[in-house]
Amino acid sequence: MIVRAWTPRAWPFRPHRAAPRFRPGSWPRYWPRSCRAARACLAGLLLLGGPAAAQTAALEPEALALLKGAGAALAGARTMSFTATALHDVPNAEGQSILYTVQSRVSLRRPDRLRVETTGDGPPSEFVSDGRTMTLYRPRARTVATAPAPASLEAVLKAEAAVAGQSLAFADMLLAQTEGTFTQGLTRAFVVGRSTLVGGVETAIVAFAAPDAQGQIWIGAQDRLPRQLWVTETAAPGRPRSGVSFGEWRLDAPLDDSAFTAADAAGAAPVPFTQPDL
């Protein structure tokens, strides 16, 4: 499901346990690095597995249908834009929970155009890939780093996570390429109920679990789009939790080439792409 944070094990995000700062997440599947469990869960969340999974009593057909519908809605979009506001609750070396908040404005045009503008508990950044070149601009430091763009969107996202210093809580949303992008690896999935308090729309709430993670996702009842996601890494020390709220969804709206340029970076000091802060 989405929880794969990218692999079927889900999100490679993981802030440093001993210090309040973000670090690049392990790949594939983004979220706190510590969220590997989440990736398995969420990746499973949107990835309906084989027929055996559907026959398992712990995997309710209604819940799997909702997850499958969310994957299909995202996979069918040629372009998409949305905001993702992530809250990461990660214990530090002393065991105290430290909360980090990051908001990203994301635009994607398949197969290879991506723009991510990030603000939050850390320096703001603007990452752009136009299919040929990746650019990371740091407005506060007025630095710009560029590098050739890899061929796959997954590789582009991995590079962004590495140089930006934090994982992407929304990576699975961008990589959904089939209707089954959110259910692989799940051991349990069931419908909790409905809500009208998330995202300003009616949502169906699905709870899920994988061997090392568990969580809930809120899916729009009408548009089938993810509105909120929470994942707990049950196998990690301190059981870190991460949540992300999605809003301002626009699918298949026109996005021309100008949306994927780093115009604000003109005049910024060039720095190596691997060390964008220097």
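Which residues touch the most other members of the largest nonpolar core? Of its 50 residues, they are Phe82, Leu114, Phe170, Leu174 and Phe273. A nonpolar core here is a set of buried Ala, Val, Leu, Ile, Met, Phe, Trp, Tyr and Cys residues joined through side-chain atoms within 4.5 Å. This is a predicted model: local features need pLDDT of at least 70, side-chain atom pairs count only at pLDDT 80 or more, and totals for chains, interfaces and linings use all residues. Residues are numbered from 1 along each chain as its sequence is written, and side-chain values use heavy atoms, with hydrogens and water left out.

**Overall make-up**

- The protein chain has five helices and twelve strands. Helices (H or I, at least four residues) and strands (E, at least two) are DSSP runs, numbered from the N terminus.
- Of the chain's 278 residues, 55% count as buried. Buried means under 20% relative accessible area, exposed over 50%, and partly exposed in between (1.4 Å probe, protein chains only).
- The accessible surface of the chain is about 11,400 Å². Carbon and sulfur atoms account for 51% of that surface. Areas come from the Shrake-Rupley method with a 1.4 Å probe; for residues, only the protein chains shown count as cover.
- Take contacts between residues at least 6 apart in sequence: 59% of them join residues at least 24 apart. Contact means heavy atoms within 4.5 Å.

**The sheet**

- Twelve strands form an open sheet with mixed pairing. Their order is S7-S8-S9-S10-S11-S1-S2-S3-S4-S5-S6-S12.
- Strand S7 (188–195) and strand S12 (269–270) are the edges, and each pairs on one side only. Two strands pair if DSSP finds at least two bridges between them.
- Helix H3 (residues 61–75) packs on the sheet. H3 touches strand S1 (79–91), S7, S8, S9, strand S10 (226–232) and strand S11 (241–251). The direction of H3 makes about 80 degrees with that of S7. Axes are lines fitted to C-alpha atoms, for helices over the stretch in contact, and angles run from 0 to 180 degrees between N-to-C directions.

**Strand pairs and hairpins**

- S1 and strand S2 (residues 97–109) pair antiparallel over 13 bridges. Ala86 has Val102 in S2 as its bridge partner.
- The hairpin of S1 and S2 has five residues between the strands. In this hairpin, Gly95 takes a positive phi near 90 degrees.
- S2 and strand S3 (residues 113–120) run antiparallel, joined by eight bridges. Ser107 has Arg115 in S3 as its bridge partner. The S2 and S3 hairpin has three residues between its strands.
- Strand S8 (residues 203–210) and strand S9 (residues 213–220) pair antiparallel over eight bridges. Ile205 is partnered by Trp218 in S9.
- Ala213 also lies in S9. Ala213 is buried, at a relative accessible area of 1%. Ala213 and Pro240 are 27 residues apart in sequence and 10.0 Å apart in space, C-alpha to C-alpha.

- Leu114 touches Val106, Ser107, Phe127, Val128, Ser129, Leu153, Val156, Leu157, Leu174 and Phe260. That list leaves out residues up to four places away in sequence.
- A second, separate core has eight residues, including Val128, Tyr137, Phe260 and Ala265.

**Salt bridges**

- The whole structure holds nine salt bridges. A salt bridge is a side-chain nitrogen of Lys or Arg within 4 Å of a carboxyl oxygen of Asp or Glu.
- Arg115 meets Glu117 in a salt bridge (3.3 Å, N to O). Arg115 counts as buried at 13% relative accessibility, and Glu117 as partly exposed at 32%.
- Arg115 also meets Glu126 in a salt bridge (3.0 Å, N to O). Arg115 lies in strand S3 and Glu126 in strand S4 (residues 125–129), so the pair ties together parts that are eleven residues apart in sequence. Arg115 and Glu126 are both buried.
- Arg132 and Asp130 form a salt bridge (3.4 Å, N to O). Arg132 counts as exposed at 56% relative accessibility, whereas Asp130 counts as buried at 17%.
- Arg109, Asp112, Arg113 and Asp257 belong to one network, joined by salt bridges that share partners.
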